[in-house]
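This briefing covers the pockets and salt bridges of one structure. Please read it alongside the sequence and the model.

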Amino acid sequence: MKRTPYTYVTMSIDPGKPPRLAVSFYTPDLRVAASVLDSGRPYLSIESNEADIAVSTSGAGPVTTTDVDIARQIFNAAARYLADCERLHDEQESATPRASGEAA
């Protein structure tokens with residue numbers, strides 16, 4: 001089944017709890033960037049046409065040990081996501097029948 005790409009954004013508001021926002025990107029129309037602002041603060045940005053997510057340091061202040069730990073978690077999760085995408089893509093490509101005369 002072919003699915004249409006989309007970005008899904010929800011907000012939950014429960015009494016006595018802080019609001020919770022969830023963003024799910026299911027689209028190839030993503031832009032990802034990382035840089036350091038003129039103020040010396042690093043940031044990571046993930047954007048689609050429908051939603052933007054920015055990650056930066058605690059309280060938009062100096063880099064803390066916790067910020068470094070979080071950046072490492074993001075890096076490791078992204079590396080795992082890349083490895084899983086590459087593996088699954090290769091498996092899907094090898095399972096797809098090729099038209100006659102097409103190079104393998």
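**Pockets and salt bridges**

α1 (65–95) contributes the most residues to the lining of the largest pocket, namely four. The model is predicted: local features need pLDDT of at least 70, side-chain atom pairs count only at pLDDT 80 or more, and totals for chains, interfaces and linings use all residues. Residues are numbered from 1 along each chain as its sequence is written, and side-chain values use heavy atoms, with hydrogens and water left out.

**Largest pocket**

- A pocket here is an open set of points on a 1 Å grid over the protein atoms alone, where a 1.4 Å probe fits, with protein on both sides within 12 Å along at least five of seven lines; lining residues have an atom within 4 Å of a point.
- The largest pocket holds about 610 Å³ of space, a volume being the space filled by probe spheres set on points joined across faces, edges and corners.
- Its lining comprises 17 residues, with F25, T27, L30, I46 and Y81 closest to the centre.
- Two or more lining residues come from each of β2 (20–26), β4 (42–47), β5 (52–56) and α1; helices (H or I, at least four residues) and strands (E, at least two) are DSSP runs, numbered from the N terminus.
- By type, the lining has 14 nonpolar, two polar and one charged residue; Ala, Val, Leu, Ile, Met, Phe, Trp, Tyr, Cys and Pro count as nonpolar, Asp, Glu, Lys and Arg as charged, and the others, Gly among them, as polar.

**Second largest pocket**

- The second largest pocket has a volume of about 290 Å³.
- Of its 14 lining residues, P42, L44, V55, D67 and A71 lie nearest the centre.
- β3 (31–36), β4, β5 and α1 each give two or more residues to this lining, and α1 gives the most, with five.
- The lining divides into 10 nonpolar, three polar and one charged residue.

**Salt bridges**

- There are five salt bridges in the structure, each a side-chain nitrogen of Lys or Arg within 4 Å of a carboxyl oxygen of Asp or Glu.
- E47 and R31 form one at 3.7 Å, N to O, linking strand β4 to strand β3 across 16 residues.
- E47 is partly exposed at 27% relative accessibility, as is R31 at 38%; partly exposed lies between buried (under 20% relative accessible area) and exposed (over 50%), with a 1.4 Å probe and protein chains only.
- D69 pairs with R72 at 3.7 Å between the closest N and O atoms; the two are three residues apart in helix α1, so about one helical turn separates them.
- D84 and R87 meet at 3.6 Å, N to O, and both lie in helix α1, three residues apart.
- Salt bridges with shared partners join R80, D84, R87 and E91 into one network.
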